Structure formats: C-alpha cells, structure tokens
Amino acid sequence: MFTPKRLVVAAAAALSACAAQPTSAPVKAPAFGEPVSAAEIARWDISIPPSGAGLPAGSGSVKQGEAVYAAKCQACHGAKGLGKPADALAGGIDSLATGKPLRTVGSYWPYATTLFDYTRRAMPTTNPLSLSNDEVYAVTAYVLYLNGIIGESAVVNAKTLPQVKMPNRDGFVNVSK
Amino acid sequence: MERKNRVAREPESRMPTGDLGPFRKIDRRTFLVRGAAAAGVAASAGLATGASAQDLAGHPWERVYGAGFTGYGQPARFEQPVMRHIVRPYGDLAPGSGAALSPIESLEGIITPSGLHNIRSHSGTPDIDPKQHQLLLHGLVSRPLMFSMDALWRYPMTTRIYFLECSGNSNRNLVPKPAQVPAGALHGNLACSEWTGVPLRMLLEEAGLLPQAKWLLAEGADSAHMSRSIPIEKALDDALIALYQNGERLRPEQGYPVRLLLPGWEGNMSVKWLRRLKATEGPTHTKDETSKYTDLLPDGKALQFTFEMGVKSVITRPSSTMKLPRAGFYEISGIAWSGAGRVRRVEVSTDGGASWSDAVLHGEERPKALVRFRLPWEWKGQPAVLQSRATDEKGNVQPARKVWQARYSPDNRFHNNSIVSWSADADGSVKNVYA
C-alpha cells in the first residue's frame, strides 16, 4: 500500500518525467508487424474476386455436385435449392421488379465467383472449411445448374467459373464515392 | 446529540436543573428490571425518544450488513428485465445467426452499456484465444505483415465515441402491420460506445500501401469468415482497429480481441474478429455486399455499396408498449444520429407532424455518435402522435416513412431511416403506428 509520503514522491516523479520529455520530441513510428511468407499468405487468402484470381486447382461437375448437395446442403436449403429453413438458392429470375421479388443466387447474385468464395469460407454452417476444393466446385456447379445458368454436363473449375455470366450481372448501381 | 450540544453551549447558571428527561430518577438497576419486564411497552413509552433506533425510518436493507465485493459488477436485480431483444430467424438450427437488439426504450444518455450493445452475427460468436489470434495485412502493399495481439496492443491509440447501426435496423417496421413491441425490438439494432484502438492508417503506412490499392477486403475469424470490401479512402480516413470498448477490451460479441470500426457506416462493414485485410484494386463482391446489404429499387435494379447510414432519430421515452399513467408532465427523450457527421437539429411533434418544436440536444458536438434529445411535454390526456425528425450538419433531413418507401422496392429491408411514430391513446397506451 502507498503511504501518503510515497504518494507524494510518485506524483513528483511523474511531474518531472513530463517536464523532461516535451511532447514535441521526435519518436520513431512504431512498426510491430512481422514479415510473412507468400506460402503462409496463401493459407490465409480465401477471398475470390470476379476475376477468379486465387481460385484453387480442382474441378467439379453438376452430377458430383448433386450428391454433395444432397448430403451437406439440402437439410437447410431444401430440395433443388428452393429454400427453407435457410435462404432459397434457386428461382426468382425476372422477379426483382415485381412486388414480390425472390432474391436467389440465380436471380440476384452478380458473380458466380462469390458462390465459390462463400461456400468455401462459410458452408456448411455447422462445419465450415470442411469441403474439398473439388466438392466446392461441384456444389457450385449444381447450384448454377439449378438456376438454368449452366448445362447438366458442365464442369466448373478455376478457368470456367469466372466466365459464367450471371443473369443479374448488370443489375447493380455502384454508388460508392 | 443535538440536545447535549445545545446544553453545552449554554452558560452554567442557565442550565436547566429540573428537566433531565425520563431518565432522571431511574437508576441502572431499575432500568434493567423494567426493560426485562416490559420490553414491548418501552417502544410506546417515553423511552423511545432518543433511546431506540428501532423506530427510526429504515428499510430492511438498512438493518443488515451489505453484500461483499464482486470482481465484476452486475446491474441491480430489479433491472433484470432490461435485456436485449433477441431475433433468431433460423431458430435452434443456427442460434447464433441473427441479432440481439439494444433495449433503447430502457436506456438514457448516449453510451450503450457494453452488455446491452446490439449484436448482429452471421455464424455465432467465436471463442478466440488472443495469444493465437493474428491479423494479416497483405495484397497491394510493399511489405505484407502479420500482427499478433501483443503487437497491436502496443500501438499508439485513439479514443472516440461512435454509434454502430446495422443497416437492417428498423426493417421490422417495414412489415404491413405495425408491431406492438418495445422501441428496441424495432429500432435497437443500434448502439453507441467509446471505442479505443489503433488508426488503421498507421498499419497501412507500415505495410507500404501501393498506389494501385483502391479497396481493402476485411475478413473476420468467425466461422462464416464474414467479409466486406472497403474503399481505401475510408480506411485512410477515420477507420479504427478497435481493441477496447467503453474502457475494457472488446466483448466477444463485439469482436474480441480485435474488430474493424468504420464510423458512420453500416455496421456489417465494421468486421468483427478481424483476421485479414487485403489491399486490392477493386471490390471483391463478397456475399454480404452483393446478395445482402444492397438496396433493391422499384425497377428491380439495386444500389450497391450504400455505406453511410442516413440521418435518423427515434423517441425512446415514451415509446411503444409503454403507458402514460396520468395526464401531466412528461419529458420526451430520444436518440439521434447521422453517418454523415454531426446531428444539427432534432424536431419533435406531438400532433403527428402538424407542428414541430426543437428539442434540446446533448452531445451534438460529436460526429457519428448518438445525440440525446429531450423536450418537456404536457400531456392533456387526449390522443397524440409523437414523432421526431433529425437534421444533420450536411443538411440531410430524416424522411417521412412514405417518402422513404417510395424510393425502394417494397421488399427492401436495408437503410430504413424514416420518421418513427408513436401514438398515445386517451387511456395513455403508447403504440407503434405508421403515420
């Protein structure tokens, strides 16, 4: 415990410390970040922009995706992506200007790359980061197929996914300054 | 004591001799006998005057020794009903996906207690060990850097008071019939705290941001890895790497151990549990900036990247589900805010917008923080409709509900900053109404 005397000494020391170091004294900018290797960054970097940069190796077909979907997605997103209890993934194309718009991957999402990105980072909700890259490609293919965006025999990979033209690609007005 | 002091100040000669009270002729032995035989009588007898503390005013808690210390304080047990309003659209399937809205109807001032801060989470609250958590800053920078929490806690810090509002706040007031629930359950996806942290600009400068970097992808360490794209201008302006909230380290639900804080912008962008920042040329078009948090228009197009939260206010007292017990004086009290800067003015109407009076503001000097407004009101026991209308320093005025609705698709659920109306019936019941 502080005695009154020690308190006075501490206060005096604090005062003299202030006086000894003017606030205008130059201080070197702190730099506490550590260098990080490209290999380590690759393990962390999971975001996929519309260009497809960063898409991993691997591929998946609609047929393979149907099986992945039935096993890991259907319980929440419903048969054929029609939703309930979680969001509908298919349908609603041409509904956006009506009084009852249905916003799904097919009717609303502007980029197919976002579907791969989000599925890999967040799905299934109860077990994210558990799918193989082939499984993510496959289920991506299946959801695009459910919306009539790609054919039944299509295969999705790093090359073909960014080329998919989504129905609502031009449906957004960028208002950022 | 008073009597004794008065006596002591008087001259000896004037000291009363005949009046020493009821004790005068009672010796110790007599007193003991009387006490034992007639304890019950003592209280009603002259004995009670100055003799017993039992008859003094004093509730039971004044007559027992109080509780000991606790390491972390809690609200009074009588305030237990003050709780967040929890919304779980997926139920037990995903109990941490949804929102917990701040009970603004029970709060005063401008600071939201940390435990009552609104929460909007997509995949629950992660249990993050700060010794293992890291923040990666990479992409279009000269020096990609990894920051430990120990490193972040060493940087020079800034402290500011800012509101945070989910852009889905007040979407429950867009359903056809006005819900009769407390104000917080409608408009409480909003809170205001004192935030302390490292200016993001400092870390970007350390990493050597390249000129072609125009956006910054921010990503959380929750199981959804919630991610958003942020214009670099905002990142270099007032963006904060927040580490402390209201003086203590962040609560887990608010992003412990580190979150992004983008003052005035939709809450979803202030990414919690921040694990990665990537400088990029363009926006990444993440799920939460395309499929969600975009504003559908009547023609089927949608506004994307509507970041700034509009000027807004809501009367918190009296408000929906409350009851005015009798005619007479009431103080109308509420909160106002604007993502564009300072609130300049809040007007209050008690006649459904036919006439307006300027409320007194508290905290209007702070940009992008809650302002408390107050106005005295004499309720005459007649039906009334209470409204508030905020104006910010940029001249933005909070729109009427119908004006706001006309701008968007009937299905749009984001950025509802329209005027809120509460009606008071003749019996004093306060209800949520669309006016």
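**Exercise 1. State what share of chain A is buried, then describe its fold pattern.**

Step 1. Of the 177 residues of chain A, 33% count as buried. The model is predicted.
Step 2. Count the elements: chain A has six helices and four strands.
Step 3. The pattern reads α-β-α-β-α-α-α-α-β-β.
Step 4. Check the contact range. Take the chain A contacts between residues at least 6 apart in sequence; 59% of them join residues at least 24 apart.

**Exercise 2. Find the residues that touch the most other members of the largest nonpolar core, and trace where the core comes from.**

Step 1. The core holds 123 residues. Those touching the most other members are A:Ala141, A:Tyr142, A:Val143, B:Leu152, B:Phe163 and B:Ile241.
Step 2. Helix H6 (residues 133-146) of chain A gives the largest share, 10 residues.
Step 3. In chain B, domain 1 (85-293) and domain 2 (312-433) each supply at least three residues.
Step 4. Now take A:Val143. Skip its neighbours within four places in sequence. Its contacts are then A:Gly81, A:Leu89, A:Ala90, A:Val105 and A:Leu115.

**Exercise 3. Work out the pairing and the two faces of strand S24 of chain B.**

Step 1. Strand S24 spans residues 430-433. Strand S23 (residues 421-424) of chain B pairs with S24(B) in the antiparallel sense, over four bridges.
Step 2. Locate one bridge: B:Ala424 is partnered by B:Val430.
Step 3. Inspect the hairpin. Five residues lie between the strands, and B:Gly428 takes a positive phi near 90°.
Step 4. Assign the faces. In a regular strand, side chains alternate between the two faces of the sheet. In S24(B), B:Val430 and B:Asn432 form the covered face, while B:Lys431 and B:Val433 form the uncovered one.

Conventions:
Residues are numbered from 1 along each chain as its sequence is written. Chains are lettered from A and ligands numbered from 1 in the order in which they are written. This is a predicted model: local features need pLDDT of at least 70, side-chain atom pairs count only at pLDDT 80 or more; totals for chains, interfaces and linings use all residues. A nonpolar core is a set of buried Ala, Val, Leu, Ile, Met, Phe, Trp, Tyr and Cys residues joined through C-beta atoms within 7 Å. A residue is buried if 20 or more other C-beta atoms lie within 10 Å of its own, exposed if 12 or fewer, and partly exposed in between; C-beta atoms are placed from the backbone. Domain bounds come from an automatic or database domain assignment. Two residues are in contact if their C-beta atoms, placed from the backbone, lie within 7 Å. Two strands pair if DSSP finds at least two bridges between them.
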